[in-house]
Amino acid sequence: MTTKTPYQLLGKEIIYLIACTFYDVMDELPQAEKIRKMHSAHKGNIKQKLYEYLVGWLGGPSIYQDNTGAVCLTEPHKNYSIGEIERDAWLTCWYEALERVDISEEVKLMLKEPVFHLANSICNK
């Protein structure tokens, strides 16, 4: 039996909904104010970029890499001071987005550790 990727379990429509909901949550939560300010200059296309990144990261086509030429997230975040507080605020938004989209517990558990490592890899202070 073959294990399905998160991309196969969710589909691109749900992944897009997660990306949009993530930034909606970031706009709403007071504890996300600092990281929201980091994203303000890119607000127009940031949901689309997150969606494209997530599609590939979750096991689907490499849309983000095809459009940007890379999948490294440390480079675009290098000009921002990101530590545990910012990482944890990002993770709070992520977990709330997953709750709001109402994906299965199986997928939430599948993503929990990899998402933490992804967020942690961007920390630079």
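Trainee: Which residues is Phe-22 in contact with, leaving aside its neighbours within four places in sequence?

Mentor: In this predicted model, Phe-22 is in contact with Leu-50, Trp-90, Cys-93, Trp-94 and Ala-97, once neighbours within four places in sequence are set aside.

Trainee: Where does Phe-22 lie, and is Phe-22 buried or exposed?

Mentor: Phe-22 lies in helix H2. Its relative accessibility is 0%, so Phe-22 counts as buried.

Trainee: How many residues apart in sequence are Phe-22 and Ala-97?

Mentor: They are 75 residues apart in sequence, while their C-alpha atoms are 4.9 Å apart in space.

Trainee: What is Phe-22 part of in the nonpolar core?

Mentor: The largest nonpolar core has 38 residues, and Phe-22, Trp-90 and Trp-94 touch the most other members. Two or more residues come from each of helix H1 (6–10), H2, helix H3 (33–39), H4, H7 and helix H8 (105–121). H7 gives the most to this core, with 8 residues.

Trainee: Which residues are in contact with Trp-94, leaving aside neighbours within four places in sequence?

Mentor: Trp-94 is in contact with Ile-18, Phe-22, Leu-54, Leu-111 and Val-115, with those neighbours left aside. Phe-22 and Trp-94 also belong to one aromatic cluster, together with Tyr-23 and Trp-90.

Trainee: Let us turn to the helices. What distance does H7 reach from its first C-alpha to its last?

Mentor: Helix H7 covers residues 84–101, which is 18 residues, and reaches 25 Å; this is close to the 26 Å expected at 1.5 Å a residue.

Trainee: Which residues of H7 are buried?

Mentor: The buried residues are Glu-86, Arg-87, Ala-89, Trp-90, Leu-91, Cys-93, Trp-94, Ala-97, Leu-98 and Val-101.

Trainee: And what should the 17 residues of H2 span?

Mentor: At 1.5 Å a residue, H2 should span 24 Å, and its end C-alpha atoms are 24 Å apart, which agrees. The buried residues in H2 are Ile-15, Ile-18, Ala-19, Cys-20, Thr-21, Phe-22, Tyr-23, Val-25 and Met-26.

Trainee: What about Ile-14: which residues does it touch, not counting those up to four places away in sequence?

Mentor: Ile-14 touches Val-101 and Ile-103 on that count. Ile-14 is in helix H2 and is partly exposed, with a relative accessible area of 30%. Ile-14 and Asp-102 are 88 residues apart in sequence, and their C-alpha atoms are 9.7 Å apart in space.

Trainee: Where does Asp-102 lie?

Mentor: Asp-102 lies in the loop between H7 and H8. Its phi is near 65°, a positive value in a residue other than glycine. At 62% relative accessibility, Asp-102 counts as exposed.

Trainee: Changing topic, how many aromatic pairs are there?

Mentor: The count comes to 5 aromatic pairs. One of them joins Tyr-16 and Tyr-51: the ring centres are 5.3 Å apart and the planes stand at 80°, so the pair is edge-to-face. Tyr-16 lies in helix H2 (residues 12–28) and Tyr-51 in helix H4 (residues 43–57), so this pair ties together parts that are 35 residues apart in sequence.

Trainee: Is Tyr-16 buried or partly exposed, and is Tyr-51 buried or exposed?

Mentor: Tyr-16 counts as partly exposed at 35% relative accessibility, whereas Tyr-51 is buried, with a relative accessible area of 11%.

Trainee: What are the distance and plane angle for the rings of Tyr-53 and Tyr-64?

Mentor: Their centres are 5.3 Å apart and their planes are at 85°, so the pair is edge-to-face. Tyr-53 is in helix H4 and Tyr-64 in helix H5 (residues 63–68), and the pair links distant parts of the chain, 11 residues apart. Tyr-53 is buried, with a relative accessible area of 12%, and Tyr-64 counts as buried at 11% relative accessibility.

Trainee: What lies over the face of Tyr-95?

Mentor: Lys-112 does, at 5.2 Å from the ring centre.

Trainee: Finally, how many disulfides does the structure hold?

Mentor: The structure holds 0 disulfides. Cys-20 is in no disulfide, and the nearest cysteine sulfur, that of Cys-93, is 14 Å away. A disulfide would need the two sulfur atoms within 2.5 Å.

Trainee: Is Cys-20 buried or exposed?

Mentor: Cys-20 counts as buried, at 14% relative accessibility. Cys-123 is partly exposed, with a relative accessible area of 23%.

Key
Residues numbered from 1 in each chain as written. Predicted model: local features only at pLDDT ≥ 70, side-chain atom pairs only at ≥ 80, totals over all residues. Heavy atoms only, no water. Buried < 20%, exposed > 50% of the residue type's maximum accessible area, 1.4 Å probe, protein only. Helix = DSSP H or I, 4+ residues; strand = E, 2+ residues; numbered from the N terminus. Expected span 1.5 Å × (residues − 1). Phe/Tyr/Trp six-rings, centres within 6.5 Å; stacked < 30°, edge-to-face > 60°. Lys NZ or Arg CZ within 6 Å of the ring centre and 35° of its normal. Core = buried A, V, L, I, M, F, W, Y, C linked by side-chain atoms within 4.5 Å. Contact = heavy atoms within 4.5 Å.
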